[in-house]
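Here is a colleague's note for a student who is reading a protein model for the first time. Please keep the sequence and the structure open while you go through it.

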Amino acid sequence: MTIRSKIWLLSIVPILALLYFISVEIGEAIKTENGLKEVYDRILEAEKFSDIIHELQKERGLSSGFLTSKGKKFRDDLLVQRAETDRKIKDLYFLVRETGSGSKVMSLRSELDLKRNRISSLGINALEAQEYYTGTIAALINEVSKIALMAKTSETKNALMLHSYLLYAKEFLGQIRATLNAVFAAGQFDGFSIRKLASIKGSYDTNTERFLQDAPPDIKRFYTDRFQSSNVQATMDMIDIAFAKFKTGSFGIDPVCGLNQQLLRLTH
């Protein structure tokens, strides 16, 4: 694994750790709801959506690698990942099949199958596949936000909103990584990629700021301690370099040409 690959890996791990930490907070919040089944089911529904989001992010990365390699790489890994995504979708369906969300889950699975068939037959390019997965992930994160707004108490609502902020931050960080990889590989920005990076970075910053504004002191301290490491700062430095040299190129950073399976799964 290259030094830059390790930097990106270390930059995503703290967010994954925080998501787990927030899930503990959600579990504590459940206790304040007097064990009401409806409330518990809604919180559990948010967790199931989050599981699907994580698996779709991994599937997106493998699909991109498969398409970019013209089907020569990641075929077996992609099939395994699809099965894991399907398992998470099935878990959610069994939870919500008696509610209005059941039809949404079935629609998600149907659309996903259609897109997968086109990916398997190389009937779609990597950019189109990425756009599909990114749009689907955004819609699912929005569902988590909706669930938060339906919470019965402020404690549960706040915990779920923190969870959704971090889901967005993790997603935008993955998009930043993918955009920079393409830019560093090309050695320069085009008009579209610089606007795209600026937009994604702004969205990442916004959700991070929302999280820090609303997080309780213990979680905020955990976040601050983990995100002050030199490796995470190096990631932010690369973003600064990209913006500083967007007109001239020559970034002095080698693109990640051979991401191993572990890194690919974690960062997409």
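The numbered points below go from the whole chain to single residues.

1. This is a predicted model, in which local features need pLDDT of at least 70 and side-chain atom pairs count only at pLDDT 80 or more, while totals for chains, interfaces and linings use all residues. Residues are numbered from 1 along each chain as its sequence is written, and side-chain values use heavy atoms, with hydrogens and water left out.

2. The chain holds 10 helices and zero strands, where helices (H or I, at least four residues) and strands (E, at least two) are DSSP runs numbered from the N terminus. Of its 268 residues, 47% count as buried; buried means under 20% relative accessible area, exposed means over 50%, and partly exposed lies in between, with a 1.4 Å probe and protein chains only.

3. The chain exposes about 13200 Å², of which carbon and sulfur atoms supply 54%; such accessible areas come from the Shrake-Rupley method with a 1.4 Å probe, and for residues only the protein chains shown count as cover. Among the contacts (heavy atoms within 4.5 Å) with a separation of 6 or more, 76% are between residues 24 or more positions apart.

4. The largest nonpolar core has 55 residues, and Ile 119, Tyr 204 and Phe 211 touch the most other members. A nonpolar core is a set of buried Ala, Val, Leu, Ile, Met, Phe, Trp, Tyr and Cys residues joined through side-chain atoms within 4.5 Å. The largest share of this core, 14 residues, comes from α6.

5. Helix α3 (residues 75–96) has 22 residues and should span 32 Å at 1.5 Å a residue, which agrees with the 32 Å between its end C-alpha atoms; the expected span is 1.5 Å times one less than the number of residues. The buried residues of α3 include Leu 78, Arg 82, Ile 89 and Leu 92. Seen down the axis of α3, the buried residues fall within an arc of 165°, so they line one face of the helix, the arc being that of the directions from the helix axis to the C-beta atoms. Turned away from this buried side is a face that carries the exposed residues Asp 76 and Val 80. As a general point, an α-helix has 3.6 residues a turn, so residues three or four places apart point the same way.

6. Helix α5 has 24 residues and reaches 35 Å from its first C-alpha to its last, close to the 34 Å expected. Asn 125 caps the N-terminal end of α5, with a side-chain oxygen 3.2 Å from the backbone nitrogen of Leu 127. Ala 139 lies in α5 and counts as partly exposed at 41% relative accessibility.

Definitions and conventions: Polar contact = N/O pair within 3.5 Å; in protein donor to acceptor, adjacent residues only side chain to side chain.
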